[in-house]
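Open the structure in your viewer and keep the selection tool at hand. This tour goes from one selection to the next and says what is there.

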Amino acid sequence: MRWVIGVLGVGLLGWGVVELVPVVFDSPLSLGGWLLGGPVLHDALLAPLVAVGGVVVSRVLPPRWRAPVGAGLVVSGVLVVLSIPYLWRTFSGPVTPGLHDRPYLAGLLIALAVVWTTVVITGLVRRENTPATP
Amino acid sequence: MRIPEEADFASPTHGPRVSARIGLWLGIAFGLCFITGLISHGIQHPAAWFTWPSRPVSLYRITQGVHVTSGVAAIPLLLAKLWSVYPKLFGRPLVKSVPHALERGSILVLIGASFFELLTGVFNVAQNYPWAFFFPTAHYAVAWIAVGALLVHIAVKLPVIREALTRSEEEPRPTTGALSRRGFLLTTGVATGAAVLATVGGTVPWLRNVSVFASRSATGVPVNRRAEAAQVSTVDESWRLTVGDVEFSLAELRAMPQTTADLPIACVEGWSASATWTGVPVKDLLERAGVPAGSDVRVESLEQGGLYRSSTLPGTHTADPLTLLALRMNGEVLTLDHGYPCRVIAPSRPGVLQTKWVSRLEVR
């Protein structure tokens with residue numbers, strides 16, 4: 001079973017590499033940057049930030065606030081990541097009627113406000129003797 | 001300060017039990033995304049054996065909505081998955097053996113390809129292109145690499161996954177960070193839900209006002225390519241639609257029996273919008289031109305350049321009475337931006353193939 005899955009995987013991977021060859025010759029730097037950018041940014045920047053954030057939250061905040069604030073930070077981070085393609089438009093196509101014409105910054109701020117209101121309410125309604133996390 | 005070691009990460013949010021669960025969800029998201037992506041690719045670049053049904057009319061709207069939504073959902077899942085195994089990055093020695101080196105290498109390929117697919121995908125949905133390559137080719141090729149590397153990873157880890165998912169008891173580990181194991185899984189679920197809710201309104205009408213990062217705005221049928229960008233201007237009385245060897249004036253098209261139908265425009269970029277279209281069934285036009293029913297038809301636009309100035313309607317679609325050469329949208333004559341004098345609107349098709357400013361239907 002493992003071997004079947006593994007061999008199939010190697011086959012699909014190889015097919016993808018073949019399909020990618022024209023792109024490699026066409027724009028190697030841009031492609032390479034996007035392929036390596038994710039792992040590098042994640043391992044060297046994002047994950048250490050999360051680790052430091054987790055340590056700070058668990059040392060600074062009283063137990064009943066740790067989980068809600070930790071979760072709030074995670075959800076906020078995901079929302080910020082999703083907003084980037086809409087807020088940083090240097091390389092974007094033109095805005096056309098009905099597309100990409102929403103107030104995205106206001107939308108992000110509203111979404112974050114909803115998240116942090118939820119965090120505050122959750123923190124307040126948790127009993128004082130709740131363990132550090134649910 | 002020193003570089004951390006694997007053992008420094010004491011939080012219960014790391015380890016196989018978390019990793020296998022989130023991995024399972026992520027695997028489902030990747031699977032859905034891959035299959036719906038292949039469908040969309042198949043419709044746009046059909047192999048000889050490929051056919052795509054014209055009914056239900058919303059089929060492509062659903063498959064492409066699933067494609068973009070499962071991709072968005074995979075972003076928080078991927079980040080959570082990587083967090084659960086992050087300590088492994090600091091495992092030493094860096095390489096223990098040849099198989100170990102191959103495994104680490106395959107994981108780098110998997111992570112690189114996964115980030116590539118998800119990030120280029122969400123940028124493309126926003127019509128934002130901070131790269132030099134042609135998105136469809138690269139996104140398609142790297143999808144095979146990501147799924148291939150994922151299968152290799154599953155094959156390598158199968159015993160670990162099986163044990164982590166079936167073993168019911170484990171030493172409880174104290175919470176050392178902000179979140180417990182359960183709290184982390186719950187947070188991952190909430191973050192995934194938030195990501196979906198923030199974007200899915202582009203295709204789910206009743207969430208349109210909730211989704212702050214939906215690509216389309218709250219009202220109206222979006223225009224993806226404006227007449228100005230396509231360098232098309234309004235036509236005069238001399239305009240004729242050519243179908244095979246027969247020509248039709250706009251007045252003749254308007255005089256033919258009209259069909260009115262509610263059909264969605266479903267963009268490859270994941271948004272969709274329903275409208276009420278009125279026009280002449282392509283089937284009737286082909287009949288008038290003496291073309292056998294169910295022929296493949298090449299649709300040519302007045303647009304001179306552009307990647308999508310023509311499309312091919314397969315026989316399944318030309319035989320469907322709801323495949324229209326639309327003259328009106330929501331009761332009004334088509335505006336120039338929406339394809340005046342006429343455009344194709346066919347059920348269950350990518351929007352990019354619903355050719356606007358049609359000048360010719362050529363039988364293949």
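The stops below cover one chain, its contact with the other, and then the second chain. Keep in mind throughout that this is a predicted model.

**Stop 1: chain A as a whole**

The chain has 4 helices and 0 strands, and from the N terminus on the order is α-α-α-α.

Of its 134 residues, 34% are buried. Among the contacts in chain A with a separation of 6 or more, 64% are between residues 24 or more positions apart.

**Stop 2: two helices of chain A**

Select H3, residues 63-87, and H4, residues 104-125, in chain A. The axes of H3(A) and H4(A) are 9 Å apart, and the two helices pack at an angle of about 170°. Are they roughly parallel or antiparallel? Because of that angle, H3(A) is roughly antiparallel to H4(A).

Show side chains where these two helices meet. On H3(A), the residues in the contact include A:Trp65, A:Pro68, A:Val69, A:Leu79 and A:Tyr86. On H4(A), they include A:Tyr104, A:Leu108, A:Leu112, A:Trp116 and A:Val119. Sorted by class, the contact of H3(A) with H4(A) has 15 nonpolar, 5 polar and 1 charged residues.

**Stop 3: where chain A touches chain B**

Show both chains and select the residues on either side of their contact. Chain A gives 66 residues to the contact, and chain B gives 68. Which elements of chain A give two or more residues to this side? They are helix H1 (2-26), helix H2 (28-60), helix H3 (63-87) and helix H4 (104-125). The largest share comes from H1(A), with 17 residues. By class, the side of chain A that touches chain B has 39 nonpolar, 19 polar and 8 charged residues.

**Stop 4: chain B as a whole**

Hide chain A and select chain B. Here there are 9 helices and 10 strands. The C-alpha atoms of chain B fill a box of roughly 80 × 40 × 40 Å along the principal axes. Of the 364 residues in chain B, 49% are buried. Contacts between residues 24 or more positions apart make up 73% of those in chain B with a separation of 6 or more.

**Stop 5: the two domains of chain B**

Colour residues 6-207 of chain B as domain 1 and residues 227-363 as domain 2. Over C-alpha atoms, the centres of these two domains of chain B are separated by 38 Å. Their contact takes 24 residues from domain 1 and 20 residues from domain 2.

Look at the domain 1 side of this contact. The elements that give two or more residues to it are helix H1 (16-44), helix H2 (59-85) and helix H3 (98-125) of chain B. Which of these gives the most? That is H2(B), with 7 residues. The residues on the domain 1 side divide into 10 nonpolar, 12 polar and 2 charged.

**Stop 6**

Most residues other than glycine have a negative phi, and most peptide bonds are trans. The next selections are exceptions.

- Select B:Arg55 and B:Pro56. A cis peptide bond joins them, with omega about -10°. B:Pro56 lies in the loop between H1 and H2 of chain B.
- Select B:Tyr340 and B:Pro341. These are also joined by a cis peptide bond, with omega about 10°. B:Pro341 is in the loop between strand S8 (332-333) and strand S9 (343-345) of chain B.
- Select B:Gln231. Its phi is positive, about 55°, although it is not a glycine. B:Gln231 lies in the loop between helix H6 (227-230) and strand S1 (241-243) of chain B.
- Select B:Ser348. This residue is not a glycine, yet it has a positive phi of about 55°. B:Ser348 is in the loop between S9 and strand S10 (358-363) of chain B.

Finish with the surroundings of the last two residues. Is B:Gln231 buried or exposed? B:Gln231 is exposed, because 11 other C-beta atoms lie within 10 Å. B:Ser348 has 25 C-beta neighbours inside 10 Å, so it counts as buried.

Key: Residues are numbered from 1 along each chain as its sequence is written. Chains are lettered from A and ligands numbered from 1 in the order in which they are written. This is a predicted model: local features need pLDDT of at least 70, side-chain atom pairs count only at pLDDT 80 or more; totals for chains, interfaces and linings use all residues. A residue is buried if 20 or more other C-beta atoms lie within 10 Å of its own, exposed if 12 or fewer, and partly exposed in between; C-beta atoms are placed from the backbone. Two residues are in contact if their C-beta atoms, placed from the backbone, lie within 7 Å. Ala, Val, Leu, Ile, Met, Phe, Trp, Tyr, Cys and Pro count as nonpolar, Asp, Glu, Lys and Arg as charged, and the others, Gly among them, as polar. Axes are lines fitted to C-alpha atoms, for helices over the stretch in contact, and angles run from 0 to 180 degrees between N-to-C directions. Angles under 35 degrees count as roughly parallel, over 145 as roughly antiparallel, 65 to 115 as roughly perpendicular and the rest as oblique. Domain bounds come from an automatic or database domain assignment.
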